[in-house]
Amino acid sequence: MKILGLLLIMMLSLWANDGKVLFTKHCASCHTPFIPMLKLKENFLDHNNSLFKLKAPTLNQLSYRLKKRIGDPKGDEELHRMEVTAFMSDYVMYPDKDKSVCLPEVLSHFKTMPSQKGKVTEDELEEIGTYLYNFDNEVLQKKGIKYEGFEKALQRAKKEDKIIMIKAMTKTCHFCRKMDREVMIEKEVIEAIQKDFIPVSLDISEHQLPLGIHAELTPSFIFVDKNAKVLLNVPGAWKKNDFLELLKEAKAKK
Ligand code: HEC
């Protein structure tokens, strides 16, 4: 019985410390967790926030902007997470729009956040900080495109008569992130890729591209047919509709 009780207490304390649970409890009444970027742009830029009537920036906006603007995004990840968490914790206690890092055209829709002093502890903010820091990537992993390794992709391309789409990227490339966040998460794009392509993502600062392919810029998109022949190799980041056109062009080369 004693052990069971202890286990229960341990589980409860784990549960209570979960960043997601704490965010939901302390922050989600104002900060909606996730809305896709293109919808957010529409809401704020074209509809004066009348589409979603948001009370505050969404968590995916906070995660992206804070990570981009606070500390050194290209440096050590653990250190960066601490810098972002420190900024966030300070903001929650002492909000001041002069310190804000979200875009002015987003912030103009909101009053300054009320201080949460006394409502949330430093320890809780630490957990919330980790959750916030990882949120952007978790969303991409859950809702975005699922990539495969090249060798496996080639086998599958042969079997399923599909085209391999290699995304040449680096972790710190701004336009790669922007495209992941704005384009590679859109339903139409995911469906178009699932139908005719097998997506492979390669970090060219860590790996060489297969088949002796070169990419000068990141991102670059390289389309390879089931016989390992390169159909197209195009550098640059794309908006949703242009990218859908590019997919069509690659299909036409097959
Ligand atoms: C009562 C509503 C409300 C609650 C609760 C709330 N916020 Fe906010 N928050 C806002 C609003 C509105 C803004 C945008 C205006 C501003 O920057 O002050 C904001 C802005 C922020 C910013 C600054 C964004 C920037 O541009 O730099 C951070 C960080 C933040 N909130 C974190 C949190 C966290 C973490 C919690 C939970 C512990 C939380 N907020 C709870 C309303 C709220």
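# Reading charges, faces and contacts in a predicted model

Guide: Lysine 67 is buried and yet has no salt bridge, for the nearest side chain of opposite charge, that of aspartate 136, is 4.6 Å away. Please keep in mind throughout that this is a predicted model.

Visitor: How should I read the lack of a salt bridge at lysine 67, and where does this residue lie?

Guide: The general idea is that side chains of opposite charge can pair when their charged atoms come close. A salt bridge here requires a side-chain nitrogen of Lys or Arg within 4 Å of a carboxyl oxygen of Asp or Glu, and because aspartate 136 is 4.6 Å away, lysine 67 has no such bridge. Lysine 67 lies in helix H4, which spans residues 59–69. Leaving aside neighbours within four places in sequence, lysine 67 is in contact with Leu62, Pro73, His80, Val84, Tyr133, Asp136 and Asn137.

Visitor: With which residue does aspartate 136 form a salt bridge?

Guide: Aspartate 136 forms a salt bridge with arginine 177, and the closest N and O atoms of the two are 2.7 Å apart. This pair links distant parts of the chain, since aspartate 136 belongs to helix H7 (residues 122–143) and arginine 177 to helix H9, 41 residues apart. Aspartate 136 is buried, with a relative accessible area of 4%, whereas arginine 177 is partly exposed, with a relative accessible area of 21%.

Visitor: How many salt bridges does the count come to, and which residue pairs with arginine 81?

Guide: The count comes to 21 salt bridges. Among them is the one between arginine 81 and glutamate 78, whose closest N and O atoms are 2.6 Å apart. Arginine 81 and glutamate 78 are three residues apart in helix H5 (residues 77–93), so they are separated by about one helical turn. Arginine 81 is buried at a relative accessible area of 13%, while glutamate 78, at 43%, is partly exposed.

Visitor: Which residues do salt bridges with shared partners join into one network?

Guide: One of the bridges to look at here is that between the side chains of lysine 162 and glutamate 160, which meet at 3.3 Å, N to O. Salt bridges that share partners join Glu148, Arg156, Glu160 and Lys162 into one network. Within this group, lysine 162 counts as buried at 14% relative accessibility, and glutamate 160 counts as partly exposed at 36%.

Visitor: Turning to a helix, which residues of H3 are buried?

Guide: The way to read a helix face is to ask where the buried residues point around the axis. In helix H3 (residues 37–46), the buried residues are Met37, Leu40, Asn43 and Phe44. They lie on the same side of H3, because they cover an arc of only 120 degrees around the axis. The face of H3 turned away from its buried side carries the exposed residues Leu45 and Asp46. The cover over the buried residues of H3 includes H4, helix H6 (104–107) and helix H9 (174–182). H3 is followed by asparagine 48, whose phi is positive, near 50 degrees.

Visitor: Where is lysine 41 placed, and what does lysine 41 touch?

Guide: Lysine 41 is also placed in helix H3, and at 28% relative accessibility this lysine counts as partly exposed. Not counting residues up to four places away in sequence, lysine 41 touches Asp46, Lys178 and Glu182. The C-alpha atoms of lysine 41 and valine 106 are separated by 9.0 Å, although the two residues are 65 residues apart along the chain.

Visitor: For a residue in a loop, such as threonine 170, is the position buried or exposed?

Guide: Threonine 170 sits in the loop between strand S1 (163–169) and H9, and with a relative accessible area of 16% this threonine is buried. Threonine 170 touches Cys176, Asp203, Ile204, Ser205 and Thr218, again not counting residues up to four places away in sequence.

Visitor: Finally, how many residues surround the ligand?

Guide: There are 25 residues surrounding the ligand, and the closest are Cys27, Cys30, His31, Tyr91 and Met113. An N or O atom in the side chain of tyrosine 91 is 2.6 Å from an oxygen atom of the ligand. A polar side-chain atom of serine 100 lies 3.1 Å from a ligand oxygen atom, whereas for cysteine 102 it is a backbone N or O atom that lies 2.8 Å from an oxygen atom of the ligand.

Note on methods. Residues are numbered from 1 along each chain as its sequence is written. This is a predicted model: local features need pLDDT of at least 70, side-chain atom pairs count only at pLDDT 80 or more; totals for chains, interfaces and linings use all residues. Side-chain values use heavy atoms; hydrogens and water are left out. Helices (H or I, at least four residues) and strands (E, at least two) are DSSP runs, numbered from the N terminus. Buried means under 20% relative accessible area, exposed over 50%, partly exposed in between (1.4 Å probe, protein chains only). Lys and Arg count as positive and Asp and Glu as negative; His and the chain ends are not counted. Contact means heavy atoms within 4.5 Å. A residue is near a molecule or strand if one of its heavy atoms lies within 4 Å of it. A polar contact is a pair of N or O atoms within 3.5 Å; within protein, one must be able to donate a hydrogen and the other to accept it, and residues adjacent in sequence count only if both atoms are side-chain atoms. The arc is that of the directions from the helix axis to the C-beta atoms.
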